[in-house]
Every structure is written in structure tokens, then in C-alpha cells.
Amino acid sequence: MSMYGRDPWGGPLEINAADSATDDDRSRNLQDLDRAALSRPLDETQQSWLLGPSEQKKKKRYVDLGCIIVSRKIFVWTVGTLLVSGFLAGFITLIVKTVPRHHHGKPPPDNYTLALHKALMFFNAQRSGKLPKHNNVSWRGNSCLQDGKSDTSTTIKDLVGGYYDAGDAIKFNFPASFAMTMLSWSVIEYSAKYEAAGELNHIKEVIKWGTDYLLKTFNNSADKIDKIAAQVGVGDTSGGSTTPNDHYCWMRPEDIDYPRPVFECHSCSDLAAEMAAALASASIVFKDNKAYSQKLVHGARTLFQFSRDQRGRYSAGGSDPALFYNSSSYWDEFVWGGAWLYYATGNSSYLQLATHPKLAKHAGAFWGGPDYGVFSWDNKLTGAQVLLSRLRLFLSPGYPYEEILSTFHNQTSIVMCSYLPIFTSFNRTKGGLIQLNHGRPQPLQYVVNAAFLATLFSDYLDAADTPGWYCGPNFYSTDILREFAKTQIDYILGKNPRKMSYIVGFGNHYPKHVHHRGASIPKNKIRYNCKGGWKWRDSKKPNPNTLVGAMVAGPDRHDGFHDVRTNYNYTEPTLAGNAGLVAALVALSGDKTTGIDKNTIFSAVPPMFPTPPPPPAPWKP
């Protein structure tokens with residue numbers, strides 16, 4: 001009889017009842033089975049089950065890293081290499097850090113930057129009114145604190161502040177406005193260079209001092225005005241007049257006690273449009289100060305509207321301004337002011353006006369003539385042409401503006417050609433100074449304006465990835481324009497036949513008898529009256545006070561210069577002249593690669609082309 005049972009390890013278990021052995025027999029059989037099993041070699045896994053972990057006599061040939069198994073030899077080499085590399089890197093770093101090195105500091109500032117610091121100080125010396133604490137001109141103090149109030153005929157009573165024009169104490173709005181526009185333009189284009197020179201805050205203070213005063217000279221809160229206080233103080237001494245005034249007397253501004261009349265104008269398109277340009281350009285400079293910027297824009301709009309409504313030259317009819325700053329026309333100011341208002345507001349009506357063919361024609365864009373291309377406090381056409389060429393180069397607004405914009409761009413190219421020595425539009429002195437005013441006195445103010453425009457236009461072309469421009473069939477590199485500007489400014493800084501710097505305080509040899517009341521009278525607690533100061537005017541001694549940064553009127557057409565206080569055609573500095581100088585210096589200063597700020601001037605300008613409509617909503621069944 002046999003029985004079948006189930007083996008718990010899977011398989012049949014047969015029990016033979018008949019041949020059932022005793023327990024001892026079974027035990028012997030099992031021992032035989034164990035011996036048979038042990039005679040077979042066991043693999044590693046089986047050994048580990050039976051015997052547990054045992055000491056390995058041989059080292060493992062592989063290393064188990066969890067995710068991969070690698071050769072032990074490769075593993076050792078890799079770890080060793082990493083450790084040695086790390087040690088070497090640390091050792092080299094330690095040597096580099098501990099060995100003393102020669103530090104290359106910033107390169108010394110170039111001559112243009114050094115002169116820029118000084119040229120800006122001239123504006124501090126020209127301030128009228130209650131001076132700020134840190135004016136940094138030791139021989140100046142508060143002055144003319146009754147301006148406006150002392151003239152009973154004027155309705156605008158607070159005219160304290162602003163800048164004295166030159167070596168006298170007259171405040172002329174016309175050249176002062178132009179000076180502020182030039183300074184603002186230079187900041188808009190070259191704020192990074194002012195920042196690098198550490199002068200950005202200073203130049204902004206200089207501009208704000210000027211624009212704060214201009215805002216006082218008309219009703220800036222109104223939308224419509226009918227007058228502007230165009231000038232404070234008079235200088236007419238014709239006919240042997242001995243009435244004390246700003247030219248007859250030679251006094252420190254702080255000591256003035258004679259009456260200072262206010263000249264008001266009721267139809268002064270040139271002045272109002274230039275003031276509008278000054279406020280509009282400054283509004284871009286101060287765009288981060290929203291309240292002030294909007295105040296400037298509002299004032300600019302009001303002034304420009306007044307200039308268009310009440311046509312007339314501010315200096316007409318033999319008035320006092322006509323003797324010193326006679327305006328030849330107001331059409332150029334319409335183009336100039338319109339361009340600046342467009343940039344300040346983005347309102348296309350101003351651009352339509354500035355690019356109107358009839359306006360360009362009246363402004364002299366198609367006339368030519370000996371003074372074509374000469375940018376000055378009187379004629380802004382060349383500046384407006386450059387300013388609007390910028391719009392074409394970078395935004396290219398197309399129809400309906402393209403006709404005049406391309407004309408202005410071509411005319412700007414022709415003007416730039418006329419500045420080059422290869423062409424004969426303008427003579428040069430033997431020393432190399434371009435004669436933009438054809439040998440007449442006081443040449444430097446025109447030279448610095450041209451140097452600024454030439455450098456700026458070359459930077460425009462560089463920013464537009466244009467290597468140069470054509471003069472007839474010949475192509476000229478932008479470097480040629482920059483070189484023209486450098487030679488002219490270098491002449492002013494001392495590279496001339498007289499080896500004289502025409503900027504006071506720059507270099508070792510500069511004018512010491514500047515035609516300037518405040519600089520020529522010592523600050524010695526003695527008050528010199530109207531005629532009492534004449535002895536200082538006529539003195540042969542150098543000025544007791546240094547008018548740092550003042551650019552004098554300049555040499556004659558033979559490179560000659562007479563350092564004589566009474567000859568203002570050589571030795572008198574002006575606001576407008578120094579503004580052009582500052583602009584030219586900052587444009588040439590520092591690294592050429594810095595270039596212009598391409599976009600800030602367009603901050604308020606809307607996109608030239610309307611944005612496309614949004615795509616239709618997705619279709620839904």
C-alpha cells in the first residue's frame with residue numbers, strides 16, 4: 001500500500017508503508033544525503049544562505065555604487081585624480097590671492113573731461129538771486145533780490161534768480177533760453193558721460209536754476225498769455241548817457257543799487273518759441289520728476305501758442321535787446337521749438353508744423369548764403385535740422401513727414417561737409433580755427449556749437465550702424481567729423497599758435513583780465529559805487545577772482561589775442577558760449593563707445609504705426 005502526500009516545497013511525497021524503516025535507518029539515510037550534497041560545490045549565493053557572511057580572502061574586483069557597478073581600479077584612479085586636481089586648484093588659487101599684484105586703476109580723465117568740470121563752474125559764478133548753500137564760488141553772494149519789484153511799470157513782480165548773461169548783470173531771456181536748451185540737449189544725449197564724469201547732478205542743478213527763472217517770467221499756470229518779461233536791466237549807453245545802468249556802472253552784482261528796469265514784450269515769437277524749446281527739452285531731462293516735468297511741458301505749450309498767435313520779433317523797433325541780442329527772424333525758432341515740443345509731448349501736430357515745407361522755406365532751409373550751417377543763439381535752423389534728422393534715422397516716420405525730414409537729413413549732410421577742411425565754405429586761421437563768423441569778433445561761441453553738432457551727428461550715424469556720409473561722390477567716415485570737432489576744441493584748450501587756453505583756469509596759460517565785473521573787483525568788504533569800480537575795470541593787474549571755466553570771446557582771424565579787460569570782443573564770456581562749450585566737451589569726453597542715449601528723447605513719442613488689432617477669439621461650436 002502506498003500513500004501520496006503533498007510536499008510543502010511543491011512535489012509529490014511518496015510514503016511506502018510496507019517498507020517503512022525505523023527512525024535510526026531514516027537518520028542514517030539523511031546523513032548520507034547530507035554528505036552527497038556537500039560533495040557538490042556551492043555557488044556564492046547558496047554559501048551565503050547556508051553559512052552567512054564570511055571573510056573574503058580576495059579583494060573584490062568591482063565596486064557597487066548603488067546605481068552602477070564599476071571596476072575598482074577605475075574607481076580608485078578617478079577619485080585619486082579628482083582629489084589631486086582639487087588640491088592643485090586650491091594651491092594655485094592660494095598663490096594667486098597671496099602674491100601682491102599691480103592694480104590697474106582707472107585711466108586719468110582726458111582733457112575734455114577736465115575742462116568739462118571747469119566749464120560747468122562758470123554757471124555757478126553767473127547765478128543771480130539768493131544763492132544755494134553749495135554754490136562753490138567763494139567771491140559770489142546773494143544779489144539783485146529786488147528784481148521785478150523795483151520796476152513799478154511791470155505786472156510780473158518776482159523776477160529774482162536766473163543767470164547774468166556775461167560780464168555784466170543783465171538777464172537776457174533770449175540767449176539764456178538757448179543756453180538752457182543746449183545744456184538739456186547734451187544731457188538727453190550724453191547722460192551716461194555726465195554720470196561717468198560725476199557731473200550729472202551738477203548739470204541738472206544748472207538747468208533747473210535757469211528753467212525755474214524762465215517759469216517766473218510769464219504766467220506759467222495760464223493756458224493763454226499776452227506778455228513775457230524778456231529782460232531785466234539795461235545796457236544802452238549811446239549818446240553819452242551817464243544814467244547809471246548795467247553797462248555804465250562797474251560794480252559787483254552784490255552791490256548794485258541803481259534801478260533795474262524790466263523789458264516786457266507782447267509780440268515776441270522768437271523769444272517765446274525759444275523759451276518753449278528750453279522748457280520742453282528740460283521736461284525730458286526731468287522726466288523722472290513728474291510734477292516738475294509736467295509744469296515745464298505746460299509752460300512750453302503756453303509759450304509756443306503765444307509765439308504763434310502774436311507774431312513779431314522780440315527785438316524789433318530799436319529796443320534795448322536789439323543792441324545786444326538782436327533776433328534776425330522767428331521762423332527758425334518755430335521749427336526748433338516745434339521739434340522740441342514734439343519730443344516732449346508726442347503730439348503729432350507739433351511735428352506737422354516743424355516739418356511744414358513753408359516753415360522750412362521761411363526759416364532759410366533752401367537759401368544757402370554765407371551763414372548757412374552756422375548754429376547760434378540767433379539762428380537755430382542747423383540745430384533743428386540735426387534734431388529732426390535724428391527722428392528720421394531712428395524712427396523713420398514716413399509719410400507725411402518724410403519729404404522735409406529727408407530734405408533736412410540731406411541738408412545736415414551738406415552742413416557737415418562744409419565744416420571739413422577739404423571744402424572752402426569757411427576759411428580757417430593759420431592755426432586751424434574755423435571762421436564760422438567770417439572773421440568777425442567773438443568766434444568761439446560758433447565754433448563750439450559746430451563741434452557739438454559734428455560729434456553728435458557722427459554719434460547718430462554710429463548708433464544707426466552707418467559708417468559715414470557722402471559729400472558729393474565722396475564718402476567720409478564718421479571719424480573725420482569727430483576729428484574736426486577735436487581739432488577745434490583742442491585749439492580752444494591751448495593747441496594754437498599762442499599756446500593759450502581760452503578757458504579760464506584750464507592749463508597754465510589762460511586769460512587773466514577777463515571782462516567781468518564780479519571777477520575783476522576784489523571781495524574786500526569795501527563797496528565800490530557805480531563809478532568807483534571803474535578803477536578795477538581799467539586796472540592792468542590780473543583779476544583778483546578767477547572766473548573758473550569761462551570761455552572768453554576768442555582770438556581774431558589772425559590767431560591774435562589781446563588779454564585786455566576793456567576789450568570785450570576778446571575777453572568777455574557769455575552764457576550761450578559756455579553752454580555750447582559744455583555740450584561739445586561732454587560729447588567728446590570719455591570713451592567713444594559710450595555713444596548717445598538712443599531712446600530717452602523718444603520717451604513721450606507714441607508708436608509711429610498703429611498697433612494691429614488683437615486676434616479674434618477662438619471659434620466655439
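A pocket is defined here on a 1 Å grid over the protein atoms alone, as an open set of points where a 1.4 Å probe fits, with protein on both sides within 12 Å along at least five of seven lines; its lining residues have an atom within 4 Å of a point. Grid points are joined across faces, edges and corners, and a volume is the space filled by probe spheres set on the points. The structure is a predicted model, in which local features need pLDDT of at least 70 and side-chain atom pairs count only at pLDDT 80 or more, while totals for chains, interfaces and linings use all residues. Residues are numbered from 1 along each chain as its sequence is written, and side-chain values use heavy atoms, with hydrogens and water left out.

The volume of the largest pocket is about 920 Å³. Its lining comprises 34 residues, with L323, F324, Y325, Q442 and Y568 lying nearest the centre. Helices and strands are DSSP runs numbered from the N terminus (helices, H or I, at least four residues; strands, E, at least two). At least two lining residues come from each of α9 (320–324) and α15 (444–463). By class, the lining of the largest pocket holds 14 nonpolar, 12 polar and 8 charged residues; Ala, Val, Leu, Ile, Met, Phe, Trp, Tyr, Cys and Pro count as nonpolar, Asp, Glu, Lys and Arg as charged, and the others, Gly among them, as polar.

The mean pLDDT (the predictor's confidence in each residue, from 0 to 100) of the protein chain is 90, and 87% of the residues score at least 70. Residues 1–22 have pLDDT below 50, and this stretch makes 17 contacts in the model beyond near neighbours in sequence, a contact being heavy atoms within 4.5 Å. Residues 33–39 also stay under 50 in pLDDT, with 0 contacts beyond four places in sequence.

The protein chain contains 20 helices and 9 strands. Of its 621 residues, 50% are buried (under 20% relative accessible area; exposed is over 50%, and partly exposed is in between, with a 1.4 Å probe and protein chains only). Among contacts with a separation of 6 or more, 73% are between residues 24 or more positions apart.

In soluble globular proteins, nonpolar side chains tend to be buried together. A nonpolar core is taken as a set of buried Ala, Val, Leu, Ile, Met, Phe, Trp, Tyr and Cys residues joined through side-chain atoms within 4.5 Å. The largest such core has 157 residues, and W185, I228, W340, Y343, Y419, F452 and I489 have the most contacts inside it. Apart from this core lies another, of 9 residues, including C144, C249, Y258 and C530. With residues up to four places away in sequence not counted, W340 touches T181, W185, I188, A277, A280, S281, I284, L387 and I601.

S186 is buried at a relative accessible area of 0%, and Y190 is buried at 1%. Beyond neighbours within four places in sequence, S186 contacts S191, Y194, F452, A583 and V586. The C-alpha atoms of S186 and I596 are 9.5 Å apart, across 410 residues of sequence. For Y190 and L456, 266 residues apart in sequence, the C-alpha separation is 9.5 Å.

Most residues other than glycine have a negative phi, and most peptide bonds are trans. N136, not a glycine, has a positive phi of about 60°, and C144, also not a glycine, has a positive phi of about 50°. N136 is in the loop between α4 (111–125) and β5 (171–172), and C144 lies in the loop between α4 and β5. N136 is exposed, at 62% relative accessibility, whereas C144 is buried, with a relative accessible area of 10%. Y399 and P400 are joined by a cis peptide bond with omega of about 0°. P400 is in the loop between α13 (381–394) and α14 (402–419).
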